[in-house]
Amino acid sequence: MNIRCRTMKVLVITGLCSIWISSGVAAREHSYTATAAVIDNPGQEYVVRGQVNKPFAAERALSACREANTQQATSCELIRLDGAPLTTSSQIKSKLPKGPHPLFLWKYTTEQSTVFLAGSVHILKETFYPLPAPYSNAFDLAQTVVVEVDISSLDPNVIRAKTLQYGMLQEPQQLSTVLPPNTFLNLKKLGAQYGLPITQMGRFKPAMISQQLAVLALLSVGYSPESGVENHFLSELGPRKVEELESLDFQLDVLMNQPIDMQVALMKETLNNFEDFETHTADLLTAYLAGDLDAFESAFNSQSGSSELTREYLRRLMDDRNVKMAEKIQGYLTRGAGTYFVLIGAGHYIGPNNIIELLQKSGLEGLRLQSNSTL
């Protein structure tokens, strides 16, 4: 059981945690093929065939590329999965504005404090780095880095135990009985493709399963939590302090303890949108890197579902948390001291109750930074 933090759209933009429950070698119904290449040398391809599931195929294709190109290992990227082309970082970058453009980065200043408020993507590819210079410049100026939850400070065994505690159904509930029969059947078929043994996970909540499926799907097309923006900066922490806006228990409670009918609705939406998840993820990242709030919100809403239950889930996931996070940021500015680099999922900067508007309502005006801003 491997610890993985975050999940498909939730993973990309909001920052809640999950664990990836790897099935090891599952029953082989199909075999899968993945192709990787060095982004600066696409003529040389590394193909692996006959893999038991899509994440295994992706991992082994990338490993083959990296082992053959040790000097360019961080430039390896998946380009195809089962023959279907994948959106590469180069293709996304080619769509970005050629000149200066806004970033998901704001600067707030009071007499005693400075807060750089950055939108984060919790899962990326190594090939997206470096980010525009103002992100690293803001990080360099900070004495304190603030994240949603500081997973690095926790014992992995504690994370695992807590996640299982929150992620299990209460007796005598079973996944196969809380999900409609057709939904369970579709989930079982899809889970086999991604190494998720649904028949062995009958005690897990639908929200838990949705998270794991999303993580595995993103891994299968080349994204990794290890390359997410938080991990990127935390790996260069140095002497800086780390603080967190939320606790692990709080995030797991928000994620796993919603009413079962809400979790079932979320599962249905996940399955309905699954076919297009790779292109939707690329759309989100294009808008993020371009600093286009409207396009980001449009891409987010296209994957958010239309039912009352899923809208209520997102209200609890986003709006309610925004209020508490904005209050903590306000505290750094009015009661703190020094310079803070605050990383919050990019999805918290869109919508009618986003963090920027909440800070504005409290009398705090930030300066949005551009790709060519100097700090």
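A: A polar contact is here a pair of N or O atoms within 3.5 Å; within protein, one atom must be able to donate a hydrogen and the other to accept it, and residues adjacent in sequence count only if both atoms are side-chain atoms. Helices (H or I, at least four residues) and strands (E, at least two) are DSSP runs, numbered from the N terminus. The model is predicted, so local features need pLDDT of at least 70 and side-chain atom pairs count only at pLDDT 80 or more, while totals for chains, interfaces and linings use all residues. Residues are numbered from 1 along each chain as its sequence is written, and side-chain values use heavy atoms, with hydrogens and water left out.

The part to examine is α5. Asp 155 caps the N-terminal end of this helix, with a side-chain oxygen 2.8 Å from the backbone nitrogen of Asn 157. The twelve residues of α5 reach 16 Å from the first C-alpha to the last, close to the 16 Å expected at 1.5 Å a residue, where the expected span is 1.5 Å times one less than the number of residues. Ile 159, Thr 163, Leu 164, Tyr 166 and Gly 167 are the buried residues of α5, buried meaning under 20% relative accessible area, exposed over 50% and partly exposed in between (1.4 Å probe, protein chains only). Seen down the axis, these buried residues fall within an arc of 165°, so they line one face of α5; the arc is that of the directions from the helix axis to the C-beta atoms. Asn 157 and Gln 165 are exposed on the other side of α5.

Asp 292 caps the N-terminal end of α13, a side-chain oxygen lying 3.2 Å from the backbone nitrogen of Asp 294. Within α13 (residues 293–302), Phe 296, Ala 299 and Phe 300 are buried, and because the buried residues fall within an arc of 100° when seen down the axis, they line one face of that helix.

Apart from its neighbours within four places in sequence, Ala 287 is in contact (heavy atoms within 4.5 Å) with Phe 104, Asp 292, Ala 295 and Phe 296. Ala 287 and Ile 92 are 195 residues apart in sequence, yet their C-alpha atoms are 9.4 Å apart in space.

Phe 104 and Phe 296 also belong to one aromatic cluster, together with Trp 106, Tyr 288 and Tyr 349. Rings of Phe, Tyr and Trp (its six-membered ring) pair if their centres lie within 6.5 Å, and planes under 30 degrees apart count as stacked, over 60 as edge-to-face and the rest as tilted. Finally, the charged end of Arg 368 sits over the ring of Phe 104, 5.9 Å from its centre, the rule being that NZ of Lys or CZ of Arg is within 6 Å of the ring centre and within 35 degrees of the ring normal.
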